[in-house]
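Colleague: I want to learn how to read ring pairs and cores. Can you walk me through an example?

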Number of protein chains: 2
Amino acid sequence: MSRRLTVAAAQLGPIQKAEPRAAVVARLVRLMETAHRRGAEVVVFPELALTTFFPRWYEEDINAADHWYEQALPSNETAPLFEAARKFNIGFHLGYAEIAHEADETGVVRKRHFNTAVYVHPSGEVVLKYRKVHLPGHREFDPARKVQHLEKRYFEVGNLGFPVVRAPIGQAGPVNIGMLICNDRRWPEAWRVLGLQQVELVMLGYNTPSINQDAKGFEAHHLRVLHSHLSIQAGCYQNACFGVGVAKAGVEDGCELFGHSIIVNPQGEIMAQATSWDDELIVADCDLDQCTLGRTSIFNFAAHRRPEAYGRIVEQTGSVAPAEWQPAARTAE
Amino acid sequence: MSRRLTVAAAQLGPIQKAEPRAAVVARLVRLMETAHRRGAEVVVFPELALTTFFPRWYEEDINAADHWYEQALPSNETAPLFEAARKFNIGFHLGYAEIAHEADETGVVRKRHFNTAVYVHPSGEVVLKYRKVHLPGHREFDPARKVQHLEKRYFEVGNLGFPVVRAPIGQAGPVNIGMLICNDRRWPEAWRVLGLQQVELVMLGYNTPSINQDAKGFEAHHLRVLHSHLSIQAGCYQNACFGVGVAKAGVEDGCELFGHSIIVNPQGEIMAQATSWDDELIVADCDLDQCTLGRTSIFNFAAHRRPEAYGRIVEQTGSVAPAEWQPAARTAE
C-alpha cells in the first residue's frame, strides 16, 4: 500500500432535543480519542452532529430555531473539538447547521441558514466547506405527517457547488477530498460532479429515519438501508473513489434513525460497517491508489463519456412525459 | 396489482463463432415459447443476441466483419422470431449489430455500423430503436490483451440519444419503455436521461467477461457481478423504474461471460436472477404503479433536483484535477 490513509467513521447514537452541546462535544472528543488510538488519521462525524435533527420540529418563526445553528466555528462550545484535533494530530469532518451573514444572489447581506459540513485540518484550519444542495422534505407544516421534515424551511439550498480540493491528510500526502450531505448521496449527479474533479475520498454524514412516511405501504423498512448503501456503493464504484457514509442512529426524539454507517472502496465494496444504534467507531485502511483502476479503464471519462447525449440532465429539472407510440397502421388512418 | 406486466428475461448461453444464425434464432424461438407458457407478455434478449460477441475478433478491414451485422430486420434468418412473436402474442427486445445506409452528421449517406437494440411489438412492428452510446474497449489491435475488445472499432457512437416511448405492452396498457446496452448500464447519466422521460421499464442486454483484463491485480473476479448488479439496482432505484438486465453467459469462444441476468424493481430489489451459464428464462410480475412512489416523493425531480449545480456533467468530458489547498500561513508568506 503506497498511499494508505486510515479513515474512521464516527457514528453517533441519538442526540435528544434536551442534550446540551457541551455533552455532545464531549462524546465527539471521546470518539476522536478512540479514532486516534486505532491509528486513524481522519475522523468523519455525521450531518448535524452537534444537535438533534431539529428539522423535525416546527417553528412558525424560523428565527426561533436559531439556537440550533452555529454562528461561528470554533465557538466556546466547539473549541474542545479543535483542541482534540491538534492534540491527536487528526483531521475531522463535521456536519452542523450554519448561520452565515453574507450576501445573497441579489447582493444583499443578510442572515442565511445552511446545512453545512467542513473538513478541519489537525491545525484547526478549515480546509473545505460544503453546503447541502439536495434538501429533502417540505417547507410548511404538514398535518398529515407524524414527524415533520422541514429541511426546505430551515435551510437555503447550498451555494458552494460540489467543491473538491487537494489537501494533505495524514501520511498519504495530498488527497482529493469532497463532501456530500445525507440526501445528496442518492443523487448520481452530485457524485458525478465530484468524480469529474477526481475526488478520491467523499465524506458524507446522514440522519435518515427507518420509516418512509411517504411510502403508504410500498416500502418495506429493511429497504431503507439497502437504498442508502446502494447509493453510496454505486457512487463510489462509478466515480472510482472511497466513500465514508456516517449516520446518526437510534431513537432520537422518538424517531428511529437506521444507522448502518459504512466505509466503501472504489470497487463499491463495504470495508467496514457500524451495526449498533449507538456511538460507534469503525475504521478502514484505504489504499488511495485503488482509485486509479476505474479512472484509467472503464471509467476513463475522457475516453468514454458522451456529454452530447446528457443534455436533459441540465436542461430539465422535472421529468417530462414521453411521446405516445403511433403504430404504422394507425398513423395511416 | 393494477398495472401488472409479466416480464421475461431470456439469458443466452454462449454462441460460438461457428454457430449459424438459424441455430441461434431457433434457440430464441424456444425461449420465446417458454416465456409464453409462463405467461410473459414481453421477452428481453441480450446485446448482440444473434452472434458471438464478435468485437473480440480483430479484422484489419472492418468491412470484412460485415457478416456479423444485420442489413435488415426481419431478414430471412430472423423472420421466425417475428412469426413467433405474432403466434404467441408476445413483444420482444433484441440486441444486434446493425448496418444502416444513412446520412452521417455531414449529410453524406454511407454505410454505418451500430450496436443496436429494438423493441418489437407482437404485430412485428418496431416500436423503439436504440443505438449504444457508451462504447467500451478500444479501436486498434492491442497486443497486450489476450482477448480484444474492439467495440470502438466496429461501431459508431449511437446517434439516437436515449429515447423513451409510451407504448402498449401486454395487459398493462401503455408503458414508458427505454433501453440501454451493456456498458451503458454503468453510466448514471444514461439512466437519468431515461428517468427524466419518466421511463417505467428499461430493457438492457449485456455481454460482460468475468475477467477484467485492465485490472492488473486489483479486481477480484466476484466483484464483476457486484458491479453489474449495483449499477442496475442503483439505476432502477434512483429513477423509480423497473430494469431487465439480460446477459449472454458462459464460455464463448474461450472467453467467460458472467451471466447473472436480473429483473429489478423501483426499490432496487432483485426480483429474479439467472444462475446458470446457459439459455435460461426468468420471469417477474412487475406492478408498474410501484414507479409512482419514488417519483412523487424522494425522487420528485421537479421538487428536488438542482441542475444549476450539475454544469460539469455536460461542460466537461474528462475529469480535471482539483485545486491544491493553500494553508492560511503559507498563503501569507
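Modeller: Start with A:Tyr130, which is buried at a relative accessible area of 0%. Buried means under 20% relative accessible area, exposed over 50%, partly exposed in between (1.4 Å probe, protein chains only). This is a predicted model: local features need pLDDT of at least 70, side-chain atom pairs count only at pLDDT 80 or more, and totals for chains, interfaces and linings use all residues. Residues are numbered from 1 along each chain as its sequence is written, chains are lettered from A and ligands numbered from 1 in the order in which they are written, and side-chain values use heavy atoms, with hydrogens and water left out.

Colleague: How is a pair of aromatic rings described?

Modeller: By the distance of the centres and the angle of the planes. Rings of Phe, Tyr and Trp (its six-membered ring) pair if their centres lie within 6.5 Å; planes under 30 degrees apart count as stacked, over 60 as edge-to-face and the rest as tilted. The ring centres of A:Tyr130 and A:Phe162 are 5.7 Å apart with planes at 25°, so this pair is stacked. A:Phe162 is buried too, at 4%.

Colleague: Which residues touch the most other members of the largest nonpolar core?

Modeller: A core joins buried Ala, Val, Leu, Ile, Met, Phe, Trp, Tyr and Cys residues through side-chain atoms within 4.5 Å. Here the largest has 126 residues, and A:Phe162, A:Ile177, B:Phe162 and B:Ile177 touch the most other members. Another core, of 28 residues, lies apart from it and includes A:Val24 and A:Phe92.
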